[in-house]
Amino acid sequence: VDHAFWREFRREVKAIKPDLYILGEIWHDSMPWLRGDQFDAVMNYPFTTNILNLFARQTITTKEFIENMTNVIHMYPKNVNEVAFNLVGS
């Protein structure tokens, strides 16, 4: 689905209910959707992957976990991190 669709979608649904929360599911860098004109937040898959790699899969060290989580935090601006959908499983 292209960006023009999501911009129009946001305009239409926010006109009906301004506090509606639009959550996107993007599997890669989500910044193009998080500039205030499309999604309010996205699923934070890098966060989920890092948690699972340390605790469930045990494929990374604690040091790698910390480095990865630092990268996750710096992927997006503060306002995006504050509303990211951090989920371990669903």
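Asn50 touches Ile60, Phe65, Asn68 and Met69, leaving aside residues up to four places away in sequence. In this predicted model, Asn50 lies in helix H2 and counts as buried, at 3% relative accessibility. Between Asn50 and Leu87 there are 11 Å in space, C-alpha to C-alpha, although the two are 37 residues apart in sequence.

The axes of helix H2 (residues 45-56) and helix H3 (residues 62-75) come within 10 Å and cross at roughly 175°. Because angles over 145 degrees count as roughly antiparallel, H2 is described as roughly antiparallel to H3. On the side of H2, the residues in contact are Pro46, Phe47, Asn50, Ile51 and Leu54; on the side of H3, they are Thr62, Phe65, Asn68, Met69, Val72 and Met75. Sorted by class, the contact of H2 with H3 has 8 nonpolar and 3 polar residues, and no charged residues.

Helix H3 was next considered on its own. H3 has 14 residues, and from its first C-alpha to its last it reaches 20 Å, close to the 20 Å expected at 1.5 Å a residue. Within H3, the residues Phe65, Met69 and Val72 are buried. Viewed down the axis of H3, the buried residues fall within an arc of 55°, so they line one face of the helix. Lys63, Ile66 and His74, on the other side of H3, are exposed. The partners of the buried residues of H3 are H2 and helix H4 (78-81), against which they pack. Two of these buried residues, Phe65 and Met69, are among the residues touched by Asn50.

A further asparagine, Asn44, is found in the loop between strand S2 (41-42) and H2. Asn44 has a relative accessible area of 7% and is therefore buried, the cut-off for this class being under 20%. With residues up to four places away in sequence not counted, Asn44 touches Val72, Ala84, Phe85 and Asn86. Of these, Val72 is one of the buried residues of H3 and also takes part in the contact of H3 with H2.

Methods
Residues are numbered from 1 along each chain as its sequence is written. This is a predicted model: local features need pLDDT of at least 70, side-chain atom pairs count only at pLDDT 80 or more; totals for chains, interfaces and linings use all residues. Side-chain values use heavy atoms; hydrogens and water are left out. Axes are lines fitted to C-alpha atoms, for helices over the stretch in contact, and angles run from 0 to 180 degrees between N-to-C directions. Helices (H or I, at least four residues) and strands (E, at least two) are DSSP runs, numbered from the N terminus. Angles under 35 degrees count as roughly parallel, over 145 as roughly antiparallel, 65 to 115 as roughly perpendicular and the rest as oblique. Contact means heavy atoms within 4.5 Å. Ala, Val, Leu, Ile, Met, Phe, Trp, Tyr, Cys and Pro count as nonpolar, Asp, Glu, Lys and Arg as charged, and the others, Gly among them, as polar. The expected span of a helix is 1.5 Å times one less than its number of residues. Buried means under 20% relative accessible area, exposed over 50%, partly exposed in between (1.4 Å probe, protein chains only). The arc is that of the directions from the helix axis to the C-beta atoms.
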